Amino acid sequence: MPLDQSFVGRVYPPHPAYQVGREKIREFADAIGASDPIHHDVEAAKALGYPDVVAPATFLTIIATAANRQIVVDPGLGVDYSRVVHGDQRFTYVRPVVAGDELVVHASIEDILSRGGHDFLTSRFDIVTTAGEPVGSVWTKLVIRGESHEEGAV
Amino acid sequence: MFEVGQKLPVQVFQVTRADLIRYAGASGDFNPIHWSQRTAEGVGLPGVIAHGMLTMALAGRAVAAWAGRSDSLVDFGVRFTRPVPVPDTEEGTAVEFTAVVKQVADGVAKLDLTATCQGEKILAQAKAAVRI
């Protein structure tokens, strides 16, 4: 059954602020093989003018994924998570994320499309600090594959 | 350092099942299609596939290397057009990135990326804008 179009525009209440930890940045950088010292070494980050280690560009996905889970498990929307694959992803950055940031996500459903038996769910996440400073925005399009359509978008 | 029309050097990254497990833990994305053969095949995939966001993270590493800095992205978007199956072998699979410089203006360079795995394009509309 196609996803309910009336969910377009729905805004989800923000989670408590995400505290960006230095070790989490290092762990994420290690997981993607990002060896630039600015992700690992506080002094290297400070040499470029940052207060602490700098997160790799896609680090915001951690925060967006957590916020997206809220949407994906929304019983009213009824997404079958086992059939979900990632369609599109976009980030815009005001500045990089650094250890010590406390980030709040404003999540909303931007678009829902049903085509060829698949559903396409686009969510938007605006990331700001607890002080209200904008850090960046994230858009995630999930494809919920139809039961009987194994070809097509992945 | 970037000139319009410039083709940026190929960068190759190896992806193994162990990388998928590590990435799942670091990112919090535990979708079983990234670690369970049974689940992946059950939803019509060729097998366990890499997280799209891991592929994008590797693209981000390529951009950082081309730009000579890891903190210079201002805009970064991709469409995941084909999955990246990761066989359960020591070497896994390889993902390759290249890019062409499309525009240099106002201190920002715009790059169009090409990403392939086993000779197949895995991303479309892969674009990065970096501060230079």
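Guide: A residue counts as buried under 20% relative accessible area, as exposed over 50%, and as partly exposed in between. By that scale A:Arg22 is partly exposed, because its relative accessible area is 36%. The model is a predicted one, and the values that follow are computed from it.

The side chain of A:Arg22 meets that of A:Asp52 in a salt bridge, at 2.8 Å from N to O. This pair links distant parts of the chain, 30 residues apart: A:Arg22 belongs to helix α1 of chain A, and A:Asp52 to the loop between α2 (42-47) and α3 of chain A. A:Asp52 has a relative accessible area of 11% and is therefore buried.

A further salt bridge is formed by B:Arg79 and A:Asp88, whose closest N and O atoms are 3.0 Å apart. The pair joins two chains, because B:Arg79 lies in strand β2 (residues 73-80) of chain B and A:Asp88 in strand β3 (residues 84-93) of chain A. B:Arg79 is partly exposed at 28% relative accessibility, whereas A:Asp88, at 18%, counts as buried.

In chain A, the side chains of A:Arg124 and A:Glu110 also meet in a salt bridge, with 3.8 Å from N to O. A:Arg124 lies in strand β5 (residues 118-129) and A:Glu110 in strand β4 (residues 102-115) of chain A, so the pair ties together parts that are 14 residues apart in sequence. Both partners are partly exposed: A:Arg124 has a relative accessibility of 27%, and A:Glu110 one of 36%.

Salt bridges also link A:Arg95, A:Asp101 and A:Glu133 in a network. Over all chains the count comes to 13 salt bridges.

The largest nonpolar core has 80 residues, and B:Trp66 and B:Phe97 have the most contacts inside it. Helix α3(B) gives the most to this core, with 10 residues. Apart from it lies another core, of eight residues, including A:Val85, A:Phe120, B:Val43 and B:Ile49.

Notes
Residues numbered from 1 in each chain as written. Chains lettered and ligands numbered in written order. Predicted model: local features only at pLDDT ≥ 70, side-chain atom pairs only at ≥ 80, totals over all residues. Heavy atoms only, no water. Core = buried A, V, L, I, M, F, W, Y, C linked by side-chain atoms within 4.5 Å. Buried < 20%, exposed > 50% of the residue type's maximum accessible area, 1.4 Å probe, protein only. Helix = DSSP H or I, 4+ residues; strand = E, 2+ residues; numbered from the N terminus. Salt bridge = Lys/Arg side-chain N within 4 Å of Asp/Glu carboxyl O.
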